[in-house]
Amino acid sequence: MTSTDQQALHLALHLARSPRLARVIRDRPLPGGVLPLIRIAAGSHKPLSDATRLTGEDAEAVKAAAELFLQQNLLLANGDHYRTLGVSATASRETLAEHVRWLMKWLHPDRDRAAWDSAFSQRVLDAWHELKDPERRARYDRSLSAKSVAPFACRRRQQRRWLKSRLRRVAISGKSGDRIRRSQVLIALLVFTAGITIVLLSDKIIVPPMVRFFRIGHD
């Protein structure tokens with residue numbers, strides 16, 4: 001088992017120990033080495049033996065971890081077809097077919113499995129039906145591209161709206177600040193003028209020499 005093949009195996013074991021990681025893993029691209037996990041879930045002895053030797057875990061624990069990883073990260077009701085088959089969007093038709101073959105060995109209803117296995121097998125078949133034909137696959141790829149662009153465009157619109165809102169707030173606060181500063185200056189001038197008036201008109205207040213000179217000069 002190569003180092004790339006080990007990525008999904010180690011991640012599956014981590015998920016088995018901490019199921020809360022499922023949401024984080026689902027939000028990321030699939031790791032390398034998904035096919036060995038599918039083969040382990042399907043009952044292939046060679047990859048299971050390699051995995052137990054590599055990790056030191058017993059075969060039952062490895063198989064359970066592989067199945068949990070595939071259920072939580074591939075066979076999602078709203079997952080795209082490539083993820084359902086455990087492949088990248090650039091995978092060849094031969095790779096798609098190999099993944100479908102092993103998935104169906106694991107999930108086929110004829111194996112008298114649980115009801116969820118039958119539901120998952122139908123998702124695999126739907127994905128294969130859509131991707132095995134070049135024309136349908138091309139249409140599907142275009143639809144995926146449109147879906148990936150839509151959230152980005154939505155985020156851009158939200159950012160523009162947020163920026164406009166911030167600019168309006170800044171403009172309003174700037175106008176308010178100008179009004180406040182003008183009011184403060186006006187009040188200060190009024191207070192200063194009133195003080196000078198009181199000094200000039202009151203005989204009871206000691207008049208400074210400069211102000212007294214000002215009064216005498218105008219009498």
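Predicted model: local features only at pLDDT ≥ 70, side-chain atom pairs only at ≥ 80, totals over all residues.

User: Which residues of α1 and α3 meet?

Analyst: From α1, Asp5, Ala8, Leu9 and Ala12 meet Val34, Pro36 and Leu37 of α3. By class, six residues in this contact are nonpolar, one is charged and none is polar.

User: How should I read a nonpolar core?

Analyst: In soluble globular proteins, nonpolar side chains tend to be buried together. Here the largest nonpolar core has 40 residues, and Leu37, Phe69, Leu70, Leu85, Trp106 and Val124 touch the most other members. Elements giving two or more residues to this core include α1, α3, α6, α7 and α8. The largest share, seven residues, comes from α7.

User: What can be said of α7 itself, and which of its residues are buried?

Analyst: Helix α7 covers residues 93-107 and reaches 20 Å from its first C-alpha to its last, close to the 21 Å expected. Its buried residues are Leu96, His99, Val100, Trp102, Leu103, Met104, Trp106 and Leu107. Among the residues that Leu85 touches are Leu96, His99, Val100 and Leu103.

User: Is Thr84 buried or exposed?

Analyst: Thr84, in helix α6, has a relative accessible area of 3%, and it is therefore buried, the cut-off being under 20%. Beyond its sequence neighbours up to four places away, Thr84 touches Leu74, Leu75, Gly79, Leu103, Arg123, Val124 and Ala127.

Technical notes. Residues numbered from 1 in each chain as written. Heavy atoms only, no water. Helix = DSSP H or I, 4+ residues; strand = E, 2+ residues; numbered from the N terminus. Expected span 1.5 Å × (residues − 1). Buried < 20%, exposed > 50% of the residue type's maximum accessible area, 1.4 Å probe, protein only. Contact = heavy atoms within 4.5 Å. Core = buried A, V, L, I, M, F, W, Y, C linked by side-chain atoms within 4.5 Å. Nonpolar A, V, L, I, M, F, W, Y, C, P; charged D, E, K, R; others polar.
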